[in-house]
Amino acid sequence: MNELEVKELKKKLLGESKNVYACINEEEEKEMEAFASDYSKFIDACKTEREAVKFAVEEAEKAGFSEYKFGQEIKKGGKYYYNNRGKSLTLFVIGSERLENGIRISAAHIDSPRIDLKQHPLYEEGEMGFFKTHYYGGIKKYQWTAIPLALHGKVIKSDNTQVDIVIGEDDSDPVFYINDLLPHLAKDQVSKSLGEGIPGEKLNILIGSRPLYEGKEIKLALMKLINEKYGIVEDDFISAELTAVPAFKARDVGFDRSLIAAYGHDDRVCAYPALRSILEIQNPENTVMVILADKEEVGSGGSTGMQSELFCDIIKDISATLGANEGAVRAASICLSADVNAAFDPNFGEVYESRNSSFINHGVVMTKFTGSRGKSGTSDADAEFVGYVRNLFDREGVVWQTGELGKVDQGGGGTVAVYIANKNITVVDLGVPVISMHAPYEVISKADLYMTYKAFKAFANN
Ligand code: MN
Ligand code: MN
């Protein structure tokens, strides 16, 4: 064989994952930049699931969606959303074809790891005021010390009125802070394991230090200020959901600005393209649904998590109204479980299996299975569906790759895929590769974000 023949045979027989930049033209790069800029605005505005739902409802109404009530009439081409307690959202557009052809579902989550306040948070000690906290989701606790934090959330007062709180995001706002130990005195701390260096009960948030009277009563002084600003009293914290999130804004990373750092890419970096794909859809053949779920980071339980019956209740209701058999609808439905994967990081290359990892700038990543210790806990997509998605993306010019979450037996994780698959719906995981996942400031690539958007659009329109 000559050199040319070898080249051709290679191209024909051997697989190769491609860099997005080798596959897109100038016009697409412009689109990619515009999408990245829209996304950065979204992620700065939506740091909690409540804020993401509010944003999505506003955008949906602008795009002609209306609020759905159980049992209501629906029509082909109709665009609806179901707002579940302000914390999760289901959007759907009724297709022109029979519902028994199945629904094209994309499901992302809009909660992210963070630091929640306890129900009796406020105290003073050592001449400083603090909030007690309980972290939410899988975090490396030491990463959340010594960074600027903002408080977000809702308080229900004794008269049942509600107060929304966001403080620490505006440049003129104060921020909040979790103390760490100075290296000079950290001899014992640094000899501990990384996981034990900052125990959960040390994640106390510094909120002030000015006494009320004769150098005393710091707690009371802080409660007085909080009361003047928000009209709440100490017992109102009991019926509150207040959370501390990083006060960082999304920023481009690198001389070439090819990457974006932000808090909560996992999983709003999938939620946003999924949302955009359904907002932009016009008269689809198949019925399309996008779910923005809560509670994924704590196991998807509860009424707003993906394990809730709500998901099936909605499908059941639409099926009944359109005279379709619900079981048949679910059996024919297909779903992209839209969640992030760990991008290969050469700084920690030893935890990845590089032949099966996702790489930055290699496009949207399809994850056939998740789980840990012998695929435990995964729904593991079937070859037929992976084949369908693969061929669809190739046809539609979506640059994609496959990825496994780390080496075998290195750890692992799960997504909402299994809860949807358990309802007899065909599912595969699909999303953006992330660097430093679950850190207060995570990194993704604009090219991968753009290809994820293209992937959801292709899925919804085919
Ligand atoms: Mn996730
Ligand atoms: Mn996560």
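Predicted model: local features only at pLDDT ≥ 70, side-chain atom pairs only at ≥ 80, totals over all residues.
Local features need pLDDT of at least 70, side-chain atom pairs count only at pLDDT 80 or more, and totals for chains, interfaces and linings use all residues. Residues are numbered from 1 along each chain as its sequence is written, chains are lettered from A and ligands numbered from 1 in the order in which they are written, and side-chain values use heavy atoms, with hydrogens and water left out.

Let's start at strand β11, residues 240–246 (strands are DSSP runs of E, at least two residues, and helices runs of H or I, at least four, numbered from the N terminus). Six of its seven residues are buried, so the rest of the structure largely encloses β11 (buried is under 20% relative accessible area, exposed over 50%, partly exposed in between, with a 1.4 Å probe and protein chains only).

What does β11 pair with? Strand β7 (residues 149–156) runs antiparallel to β11 over seven bridges, with Leu151 partnering Ala244. Strand β5 (residues 114–125) also pairs with β11 in the antiparallel sense, over two bridges, and here Asp116 partners Thr243. Pairing takes at least two DSSP bridges between the strands.

Now for the metal. Donors are N, O and S atoms within 2.8 Å of the metal (3.2 Å for Na, K and Ca); water is not among the atoms, so sites may look incomplete. Distant parts of the chain are linked here: His109 sits in strand β4 (residues 103–109) and Asp266 in helix α7 (residues 265–279), 157 residues apart. Asp266 also bridges to the manganese ion (ligand 2), with the two ions 3.4 Å apart. His109 is buried at 1% relative accessible area, and Asp266 is buried at 3%.
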